[in-house]
Amino acid sequence: MQALVTGGAGFIGSWLVERLLQGGHAVTVLDNLSPQIHGTAQPESLLPIGHPALSFVRGDVRDRELLDRLLGGCEMVVHLAAETGTGQSMYQIAHYYDVNVQATALLLELVGTRHRQVRHVVLASSRSIYGEGAYLLGGELIVPGSRSSQRLAAGLWEPVGPQGEPLQLIGTPEHAPACPASVYAATKLALEQLGRVFAQSYPTSVTALRFQNVYGERQSLRNPYTGILSIFSNRLRQGLPINLFEDGLESRDFVHVSDIVRAIVLALEMEPAGYTVLNVGSGEPTSVQRIATMLAHRLRSKSELQISGDFRAGDIRHCYADLRLAKDRLGYAPEVTLERGIDAFCSWVETQPVLEDQSERAQRELSDLGLSRIRP
Ligand SMILES: NC(=O)c1ccc[n+]([C@@H]2O[C@H](COP(=O)([O-])OP(=O)(O)OC[C@H]3O[C@@H](n4cnc5c(N)ncnc54)[C@H](O)[C@@H]3O)[C@@H](O)[C@H]2O)c1
């Protein structure tokens, strides 16, 4: 089959393209090689350029004529191109909307009106649309709202129920209410909604995959706005301290990129039907402190891991995926353990140049705009 992969030179995209080529598919990649992510890297260093079934086009996903031309003859589209920095999205609001929402609208419009041979569009969504993860209170699923700054200032990190009741963390299922806490997350929710309405109206099916925190070899070590493992590993290699916010026990669902790519391929292989939305992750919470400790150990770093008690208003405490629906619909289950994934990631990191740390600058940009309240 002929596939168009937007953002195919990126982290997840480059893994996916390799997998699709191995599976005998013909692939067109549309990517603008954003300098924030790729620096001055040439496509040859990102993709198997020269492969007879791969066509690489450097261009912008917002370019109507280009997109129209590339959709000709495609049977499936995986739309990965996006701006991905949560903090950056808070002050580049129009740009994030343009790239993440407007371009998705354009893609769907072209598929619906001019390229109905496209059977299936897979959209890259994000666990960030949930905001805080799901919990149980008296046997009922609840998604608590943002933690109050008074509680955070008092070092009371765990979310509580409406009357201050303790909550039990559970995997977040797809039917949990969405409550984006950033512009980036809001763009991903808008992308999903466009996909849902589109699939109800046109013959092309749409699957939105809500990726958790994806890590692995080839993730951008340059982009200071996203990728906690990249940011930590770059600092650890320079002996710079790691600031662990809150008490370090806030947790996320870290999933290796090869599991994400397997889920995308499974989604492409399933008989598409209307609109589907699925979580994809490891299905397990891991604290940020544990990730930092594993990386520091594996990279033999002397950096100090500082549990600072700093906090950012709007940050969530925990979120991990309930994978039952992905298992049921796709037969998806993660295969890469955290230990194995981190080992592979670190082995690759060690082959990469150490880059000047930009994460403090990225943090300052936010605080200068009053968007990040970190306890001094
Ligand atoms: N990595 C994660 O943890 C994660 C988690 C949830 C969702 N996602 C989503 O998965 C997708 C892929 O993420 P990734 O981690 O591979 O990111 P990435 O930044 O490595 O890749 C994105 C690619 O899109 C390209 N791009 C950006 N703007 C473009 C434009 N205007 N036109 C054409 N190309 C453009 C970039 O050059 C890059 O190659 C994104 O949609 C992202 O929001 C990623």
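Predicted model: local features only at pLDDT ≥ 70, side-chain atom pairs only at ≥ 80, totals over all residues.
Against which strands and which helix do the buried residues of H1 pack? In it, the buried residues of H1 pack against strand S1 (2-6), S2, strand S3 (54-58), strand S4 (76-79), S10 and helix H9 (257-269). The residues of H1 that are buried are Phe11, Ile12, Gly13, Ser14, Trp15, Leu16, Val17 and Leu20.

The length of H1 can be examined next. Its twelve residues should span 16 Å at 1.5 Å a residue, and the end C-alpha atoms are 17 Å apart, which agrees. After H1 comes Gly24, which has a positive phi, near 90°.

H1 also leads the reader to the ligand. The shell around the ligand draws its largest share, three residues, from H1. At least two shell residues each are supplied by helix H1 (11-22), strand S2 (26-31), helix H2 (35-38), strand S5 (120-126) and strand S10 (213-215). There are 28 residues around the ligand, and those that come nearest are Gly7, Gly10, Phe11, Ala82 and Val214. Phe11 is also one of the buried residues of H1. Sorted by class, the shell holds 14 nonpolar residues, ten polar residues and four charged residues.

Helix H7 (residues 183-201) is made of 19 residues, and from its first C-alpha to its last it reaches 27 Å, close to the 27 Å expected at 1.5 Å a residue. The buried residues of H7 are Val183, Tyr184, Ala185, Ala186, Thr187, Lys188, Leu191, Glu192, Gly195, Phe198 and Ala199. An α-helix has 3.6 residues a turn, so residues three or four places apart point the same way. In H7, Leu191, Gly195 and Ala199 are among the buried residues. The partners against which the buried residues of H7 pack are helix H4 (86-89), helix H5 (93-114), S5, strand S9 (205-211) and strand S14 (275-280).

Most residues other than glycine have a negative phi. Glu246, although not a glycine, has a positive phi of about 50°. Glu246 is found in the loop between strand S11 (242-244) and strand S12 (251-252). Arg300 likewise is not a glycine and has a positive phi of about 50°; the loop that holds Arg300 runs between helix H10 (288-298) and strand S16 (305-307). Are these residues buried or exposed? Glu246 is buried, because 22 other C-beta atoms lie within 10 Å, whereas Arg300 is exposed, with 10 other C-beta atoms within 10 Å.

How values were computed:
Residues numbered from 1 in each chain as written. Helix = DSSP H or I, 4+ residues; strand = E, 2+ residues; numbered from the N terminus. Buried ≥ 20, exposed ≤ 12 C-beta atoms within 10 Å, placed from the backbone. Near = placed C-beta within 6 Å. Nonpolar A, V, L, I, M, F, W, Y, C, P; charged D, E, K, R; others polar. Expected span 1.5 Å × (residues − 1). Contact = placed C-beta atoms within 7 Å.
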